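Thank you all for coming.

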Amino acid sequence: MRKKKYISQRTRATHTYSFYRQRRNDPNWRADYLAARVCRQRHILISLIIILVLILIGVIGYRNRVVTLLNGSETTSQVTTVKNASGEDSIKDFTKQSVSNEQTKTIDNVQKTVTISDYQRYSAYSGEYGSETQTCSLDFATGELMTTGPQKQQVFYFDKVMLHPDKSLVINMHGNYHYNAYDGKGERYRLVHLSVLFAPRDQKITQNW
């Protein structure tokens with residue numbers, strides 16, 4: 001390996017650090033020795049910083065790779081909180097219901113967004129869902145969502161059902177929203193698009209599906 005050389009301010013020639021070090025007590029070479037030592041220390045410091053940065057990048061990359069592999073191998077249960085007829089919270093555990101083997105295989109092996117054309121495969125997810133202000137009835141067999149609340153009952157129809165790589169299920173739907181503006185012109189309606197998201201348990205959804 002070629003040794004680094006430093007220029008002499010006195011002779012304008014270049015010499016190795018060992019050359020200056022051997023003459024460190026010589027008044028004629030003392031200034032050159034000190035200048036070479038400073039340059040050498042700066043070069044060593046920069047090299048150490050570069051090495052540490054490369055090591056840090058490697059550690060972060062390895063850690064992210066391990067986390068990705070672990071997340072890919074984890075099996076999570078998909079659940080949603082619903083309101084039953086008595087108004088109490090209950091849990092629908094998607095993986096523990098009587099879902100067909102073919103459907104379960106699709107959920108476990110999905111690697112990209114899949115459009116579901118056969119809604120009835122997800123009939124186990126049908127049921128009553130709700131909040132403090134309204135309830136809704138979701139029916140995968142007919143591809144409909146019916147809401148009941150302070151306003152008139154509304155019906156929405158499935159347009160597209162998608163299963164995403166993070167195992168979330170998104171339902172896009174549309175319906176005519178009926179309302180009364182209380183302006184004396186009676187009931188009105190407008191076209192409304194609605195999306196419903198079924199999220200896996202304890203999994204943060206980071207994609208804006």
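Cys136 counts as buried, at 18% relative accessibility, where buried means under 20% relative accessible area, exposed means over 50%, and partly exposed is what lies in between, with a 1.4 Å probe and protein chains only. What you have on the screen is a predicted model, in which local features need pLDDT of at least 70 and side-chain atom pairs count only at pLDDT 80 or more, while totals for chains, interfaces and linings use all residues. Residues are numbered from 1 along each chain as its sequence is written, and side-chain values use heavy atoms, with hydrogens and water left out.

Cys136 sits in strand β7; helices (H or I, at least four residues) and strands (E, at least two) are DSSP runs, numbered from the N terminus. If we leave aside the neighbours within four places in sequence, Cys136 is in contact with Gly127, Glu128, Tyr129, Leu145, Met146 and Thr147, a contact being heavy atoms within 4.5 Å. Thr148 is 12 residues away from Cys136 in sequence, and the two C-alpha atoms are 6.0 Å apart in space.

Let me turn to the strands around this residue. β7 and β8 run antiparallel and are joined by 5 bridges, and two strands are said to pair if DSSP finds at least two bridges between them. Leu138 has Leu145, in β8, as its bridge partner. The hairpin that these strands form has 4 residues between them, and Gly143 there takes a positive phi near 70°.

On to the next strand: β8 and β9 pair in the antiparallel sense over 4 bridges, and Met146 has its bridge partner, Val155, in β9.

Now to exposed residues. Ile57 is part of helix α2, residues 30-73, and counts as exposed because its relative accessibility is 53%. Arg12, which lies in the loop between β1 (5-7) and β2 (14-16), has a positive phi of about 65° although it is not a glycine. Arg12 also counts as exposed, at 51% relative accessibility.

Finally, the chain as a whole. There are 3 helices and 11 strands, and along the sequence they follow the pattern β-β-α-α-β-β-α-β-β-β-β-β-β-β. Of the 209 residues, 25% count as buried. Among contacts with a separation of 6 or more, 36% are between residues 24 or more positions apart.
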